[in-house]
Amino acid sequence: MGSPRRVHHQIHHPRSPPLTPGKTHALISSVHRRGATLLLPDGTEADVRIPGRLFLGWIPATGDRVVVDGAADKPGTIRLAGVEPRRNTLERATGDGGTQVIAANIDVALVFVSLRDPALRRGFVDRCLAAAAWHGIESLVAVNKIDLAAEGDDEVLHDLAQDCARAGAGCLGISCRDGSGTDALRRMLEGRTVVMSGPSGAGKTSLAKLLGGRDDLLTGSVSLRTGKGRHTTVGARMIPLGGGTILIDTPGLRVFPIDQIPADRLHECFREFAPHSPFCRFRDCRHGAEPECGVRAAVERGEVSSVRYESYLELFAELSEA
Ligand SMILES: Nc1nc2c(ncn2[C@@H]2O[C@H](COP(=O)(O)OP(=O)(O)OP(=O)(O)O)[C@@H](O)[C@H]2O)c(=O)[nH]1
Ligand SMILES: [Mg+2]
Ligand SMILES: [Zn+2]
């Protein structure tokens with residue numbers, strides 16, 4: 001059992017090989033200074049030490065799948081025996097030029113926004129979709145508070161749904177207040193590991209409560225009570241919701257980071273651009289002010305959303321400055 005394969009920057013990650021047969025697996029639900037808390041198959045948690053010399057080069061992250069030895073009903077006997085390769089990671093830059101894995105093995109990046117209070121900001125949605133695409137994570141946009149819809153909002157939602165579909169993302173409107181769409185959302189998340197981003201006030205805590213979460217853990221506080229007392233959790237942690245859904249809570253992370261994306265590869269994160277770039281005059285066209293750009297022509301014909309294209313230009317400018 002070696003250290004996990006480093007997931008390189010590419011849009012479509014290969015699926016990981018099947019888990020080691022005949023072994024007990026667990027998920028790392030949070031990481032603290034001296035070890036980690038595991039989520040065991042029976043839904044209980046156990047603390048383990050991370051034996052550094054066994055897993056050279058592996059920095060554990062929330063969402064890592066590990067192999068464990070010992071009896072699950074005797075938490076003190078559990079120890080780590082191996083770690084599975086990661087299927088994907090969500091990462092951010094650490095100031096000193098390195099990267100930090102926020103969470104691993106994510107099934108769905110849930111972009112949770114509201115129609116009003118706070119108002120829907122398409123730039124926020126597109127930023128999150130780009131980050132998820134870069135990390136090879138499927139994404140779903142949920143627009144909360146559709147109970148507050150006013151005249152013209154049908155069109156707003158319709159345009160968003162169309163743009164998401166072209167970008168390869170799911171999209172649905174819901175209301176945590178009156179319950180519309182929430183059953184559909186619950187089904188879409190069933191049995192999956194979800195990382196959520198959304199602006200303050202969008203209704204993330206309301207959603208977690210609705211899905212059966214321990215909302216006491218969704219407060220952004222950094223300590224977690226386990227069998228052995230209090231540990232300082234370093235970053236993200238798993239919150240099991242009903243129906244086998246696991247929510248990864250990322251305190252202090254409002255928006256998925258795009259800082260890993262090189263400006264000249266941002267266009268790969270806007271999947272609907274791909275069919276049009278062969279028509280660009282320059283092979284290395286970045287779809288900005290270049291003459292005879294196939295993507296810009298597609299925007300003019302209405303085949304690529306002008307809203308998405310504007311978001312692309314904004315993010316491109318931001319990444320080019322960095
Ligand atoms: N009208 C309406 N209000 C909602 C809905 N969902 C949540 N709210 C309200 O919106 C406010 C913010 O909801 P929260 O769940 O606290 O939002 P949050 O995303 O967790 O916010 P932060 O914790 O600050 O990031 C609360 O007053 C909720 O009652 C909804 O579907 N419709
Ligand atoms: Mg909240
Ligand atoms: Zn172009």
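User: How much of the protein counts as buried, and what makes a residue buried?

Analyst: Of its 322 residues, 48% count as buried, where buried means under 20% relative accessible area, exposed over 50% and partly exposed in between (1.4 Å probe, protein chains only). Please keep in mind that this is a predicted model: local features need pLDDT of at least 70, side-chain atom pairs count only at pLDDT 80 or more, and totals for chains, interfaces and linings use all residues. Residues are numbered from 1 along each chain as its sequence is written, and side-chain values use heavy atoms, with hydrogens and water left out.

User: What makes the pairing of arginine 86 with aspartate 64 a polar contact?

Analyst: Their side chains are joined at 2.7 Å. A polar contact is a pair of N or O atoms within 3.5 Å; within protein, one must be able to donate a hydrogen and the other to accept it, and residues adjacent in sequence count only if both atoms are side-chain atoms. The side chain of arginine 86 also has a polar atom 2.9 Å from the backbone oxygen of isoleucine 59.

User: Why are H1 and H6 called roughly perpendicular?

Analyst: Helix H1 (residues 122-134) and helix H6 (residues 306-321) pack at about 70 degrees, with axes 9 Å apart. Angles under 35 degrees count as roughly parallel, over 145 as roughly antiparallel, 65 to 115 as roughly perpendicular and the rest as oblique, so H1 and H6 are roughly perpendicular to each other.

How values were computed
Chains are lettered from A and ligands numbered from 1 in the order in which they are written. Axes are lines fitted to C-alpha atoms, for helices over the stretch in contact, and angles run from 0 to 180 degrees between N-to-C directions. Helices (H or I, at least four residues) and strands (E, at least two) are DSSP runs, numbered from the N terminus.
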